[in-house]
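Thank you all for making the time this morning.

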Amino acid sequence: MKRETLFLKLAVFLIGLPILALCVWGLPAIAKEAAETYPAHWVYPLLTVMYASAIPFFVALAQTLRLLSYIDKNNAFSELSVRALKNIKTCAITISILYAAGIPLLYLIAEEDDAPGLIVLGLVIVFASMVIAVFAAVLQKLLKNAIDIKSENDLTV
C-alpha cells in the first residue's frame, strides 16, 4: 500500500464508521422515540429511506476504495476507474432521490413539531449528494477524455 493513498483510505474508513454506528445504534433509538411521538406511518417510511440510503452510501465507499487501489497499482487511467466513478455517481444520485422522496415525510414531522430545520437538513443531504454526483460525473468525463488521448498517443509512432 502506497503512502499517498493510505491517508485517503483511512479517511474513507473514518467516513464510514459514524454512518455504520448510526445505522446500528442511532436509528433504532431515534425510531423508538419518534414512534412514541409521531404516527407510525410517518416514522417507519422515513426510517426505511434512511436505511435504504445506507446501501448506496457504503457501495460508493467501496467503489472509492477500489478507485484508490487502482491508483496504487498505477492503473488509474483505465476503464475500471471510469466504471468506479460511474458507480459513485449512480450511488450519489440514488441517495439524493431517496432523500428527496422522504422530504414530504420530513415536512409532516417538522410541521407537527414546529421544527423547519428538519426540512433544511433533508435538503442539505439531497444537494450534497447531487454535488458529489456532479463532481463524479465531471471526473468520469475528464478521465474518459484522458484515456482517449492516451490511447491516441500510444497509436502514434
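Leaving aside its neighbours within four places in sequence, which residues is Ser53 in contact with? Before I answer, a word on the basis: this is a predicted model, in which local features need pLDDT of at least 70 and side-chain atom pairs count only at pLDDT 80 or more, while totals for chains, interfaces and linings use all residues. Residues are numbered from 1 along each chain as its sequence is written, and side-chain values use heavy atoms, with hydrogens and water left out.

Ser53, then, is in contact with Ile95, Leu98 and Tyr99, where contact means heavy atoms within 4.5 Å. Ser53 sits in helix α2, residues 40–72, helices here being DSSP runs of H or I with at least four residues, numbered from the N terminus. Ser53 counts as buried because its relative accessibility is 6%, and buried means under 20% relative accessible area with a 1.4 Å probe, protein chains only. A polar atom of the Ser53 side chain also lies 2.8 Å from the backbone oxygen of Met50.

Turning to helix α3, residues 79–113, its end C-alpha atoms are 49 Å apart, which agrees with the 51 Å that its 35 residues should span at 1.5 Å a residue, the expected span being 1.5 Å times one less than the number of residues.

Finally, the cysteines: the structure holds zero disulfides, a disulfide being a pair of cysteine sulfur atoms within 2.5 Å. For Cys23, the nearest cysteine sulfur is that of Cys91, 14 Å away. Cys23 is buried, at 13% relative accessible area, and Cys91 is buried at 8%.

Notes:
Helix = DSSP H or I, 4+ residues; strand = E, 2+ residues; numbered from the N terminus. Buried < 20%, exposed > 50% of the residue type's maximum accessible area, 1.4 Å probe, protein only. Polar contact = N/O pair within 3.5 Å; in protein donor to acceptor, adjacent residues only side chain to side chain.
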